[in-house]
Amino acid sequence: MAFIKKSASTILPLSLLILHNAAAAIAFVDPSRKSSATSTPRSPSIGSSSWNSITPFAPNHIQSTIKLQMVEDDDDNNPLSRGIDSVSWLPSVYDADISRSVFDASANPDIEVNEDTETLPLFPLGGIVYTPNSEHILNIFEPRYRQMYNDILMNGSKRFVVSMCHPSEEGRFAQVGVLFSLEELKEVSEMTADRVKYICNHRVTGRVKLHKVLNPEAWENRDTYLKVKGTIIDDTGAFSGNDNVDNNDEAMDENVSKKLINAVKKAAAADAIEKSPEEEALYKSFSELVELQHNLSEDVRFTRASVKSFGVADGTDVDPNLWTSIRLWQSYAEQRLVARQNEMQKEFQEKLVEFLKKDMDKNGKGGKSDEELPSAIGFEDLSPELQGELVELQKRMSQELKPLLLEQTLSMQKILEASDHEERVELMRYFVDAERKRLSAKKTLKGMFSGGMASQPREVKKRESRGN
């Protein structure tokens with residue numbers, strides 16, 4: 001079922017023309033969430049929705065306080081009131097006296113180390129937040145991560161930690177990450193001339209609280225991958241064995257997959273669970289939001305059918321559940337960002353197409369369709385007017401889209417590090433309510449303007465009748 005509906009008005013009619021100039025080119029976000037991220041943690045792929053996917057700007061431009069749309073200044077309940085510091089971060093690997101102070105668990109009372117704490121490989125993947133029970137594909141080419149995969153295959157663990165990178169401090173990672181469990185690995189060295197070693201499929205099978213970076217020097221020298229002390233938090237049902245089907249299905253048609261049986265059982269279990277008052281409030285808020293989106297004909301909106309599939313249950317033994325709804329919300333936020341980005345770039349792209357057509361006419365290559373236009377053009381080949389407009393567009397996109405993307409990412413990280421299901425429900429409700437309030441205000445303004453326009457003809461008729 002398609003949960004996100006996107007109006008055709010947000011899709012540009014032509015393929016994007018990327019300008020080849022490192023200083024001026026705009027990097028555009030891909031709305032999909034297929035997670036084809038590469039193994040270079042400092043440079044996530046453009047296909048990943050991270051802050052590196054939008055025009056870069058200096059870290060000191062990041063505001064310390066991020067305010068959600070339609071959140072009042074005196075709102076003490078805003079979970080992102082402290083901006084980037086609203087989520088928990090490990091100290092930077094570049095911290096002075098790194099061997100004894102901030103990474104020493106015995107000297108830090110906030111670090112909870114117990115018998116469940118274990119050593120795990122760390123694979124930072126830029127400004128991306130992954131959620132439990134999701135699936136992702138990674139292309140592995142960097143030597144240290146080739147080594148990491150060889151190690152987890154040899155020791156049989158087949159798992160590692162993925163944690164979000166700090167948006168402005170290199171070598172600093174979120175304190176709560178997720179556990180990637182390797183499900184399938186393909187050796188593709190021969191097919192790629194050794195540019196890519198492995199293509200790997202993973203499932204996120206839990207969260208991990210990171211306590212300590214064991215070899216911080218590896219981040220700088222890149223001789224090997226990072227290792228951390230961390231505690232695995234199993235909230236996916238992956239280790240509980242609850243997904244096992246009963247043994248009395250031997251007489252069933254062997255073509256009926258166990259996954260299908262489990263899916264049916266999970267759906268039936270979700271319908272049977274009674275919602276808590278907090279879960280009911282979240283469900284109601286989401287329903288009202290969807291209705292508002294359709295009343296306003298929002299370009300990016302949920303389908304009405306998605307209301308019935310909006311899960312609020314704990315764990316993953318039922319489907320849908322809260323985690324599936326969190327991923328749905330994450331996708332919605334990304335689509336909204338892309339829609340706004342497309343809107344901002346549309347006018348410039350139209351001017352660019354017109355410029356290219358005129359240029360082709362001058363060179364005797366006129367009469368070609370839009371599909372035959374060049375797919376790329378150098379920044380220096382643009383007219384001075386277009387160069388100026390592109391630089392200005394880049395600046396405006398950075399100023400407007402970067403905070404939106406940062407807010408979206410911090411929201412997901414805040415949910416990820418929540419201590420329990422009740423806290424996640426509370427956070428989700430806050431974010432849904434914030435969006436609902438934004439649209440309610442938009443509807444009110446729209447009604448005021450439309451009402452004013454509708455009253456104008458009546459006023460004109462009254463004046464005309466008086467004149468007669």
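**Close-up views of a predicted model**

View 1. The side chains of K351 and E347 meet in a salt bridge at 3.8 Å, N to O; a salt bridge is a side-chain nitrogen of Lys or Arg within 4 Å of a carboxyl oxygen of Asp or Glu. Both residues lie in helix α5, four residues apart, about one turn of the helix. Helices (H or I, at least four residues) and strands (E, at least two) are DSSP runs, numbered from the N terminus. K351 counts as partly exposed because its relative accessibility is 31%, whereas E347 is exposed, with a relative accessible area of 52%. Buried means under 20% relative accessible area, exposed over 50%, and partly exposed in between (1.4 Å probe, protein chains only). The model is predicted: local features need pLDDT of at least 70, side-chain atom pairs count only at pLDDT 80 or more, and totals for chains, interfaces and linings use all residues. Residues are numbered from 1 along each chain as its sequence is written, and side-chain values use heavy atoms, with hydrogens and water left out.

**View 2. R203 and E135 pair across two strands.** The structure holds 21 salt bridges. In one of them, R203 pairs with E135, the closest N and O atoms being 2.2 Å apart. The pair links distant parts of the chain: R203 belongs to strand β8 (residues 198-213) and E135 to strand β5 (residues 135-140), 68 residues apart. Both count as partly exposed, R203 at 21% relative accessibility and E135 at 48%.

**View 3. K442 and E298 belong to a network of salt bridges.** The salt bridge between the side chains of K442 and E298 spans 2.6 Å, N to O. K442 lies in helix α7 (residues 421-467) and E298 in the loop between α4 (277-295) and β10, so the pair ties together parts that are 144 residues apart in sequence. K442 is partly exposed, with a relative accessible area of 37%, while E298 is buried at 10%. The network links E298, R336, E435, R438 and K442.

**View 4. Negative charge gathers in a surface patch around D314.** The patch consists of E278, D314, D420, E422 and E426. Patches are made of residues with over 30% relative accessible area and no salt bridge, like charges being joined within 9 Å and nonpolar side chains (Val, Leu, Ile, Met, Phe, Trp, Tyr) within 5 Å. Lys and Arg count as positive and Asp and Glu as negative; His and the chain ends are not counted. D314 is found in the loop between β10 (300-302) and α5 (322-362), and counts as partly exposed at 46% relative accessibility.

**View 5. L445, M448 and F449 make a nonpolar surface patch.** The area of this patch is about 370 Å², accessible areas coming from the Shrake-Rupley method with a 1.4 Å probe. F449 is found in helix α7 and is exposed, with a relative accessible area of 61%.

**View 6. K186 and I199 lie 5.2 Å apart in space, C-alpha to C-alpha.** In sequence, 13 residues separate the two. K186 has its place in strand β7 (residues 176-187) and is partly exposed, with a relative accessible area of 46%.

**View 7. C165 and C200 are buried cysteines.** C165 has 11% relative accessibility, and C200 has 0%. The count of disulfides (pairs of cysteine sulfur atoms within 2.5 Å) comes to zero.

Note on methods:
Charge placed at Lys NZ, Arg CZ, Asp CG, Glu CD.
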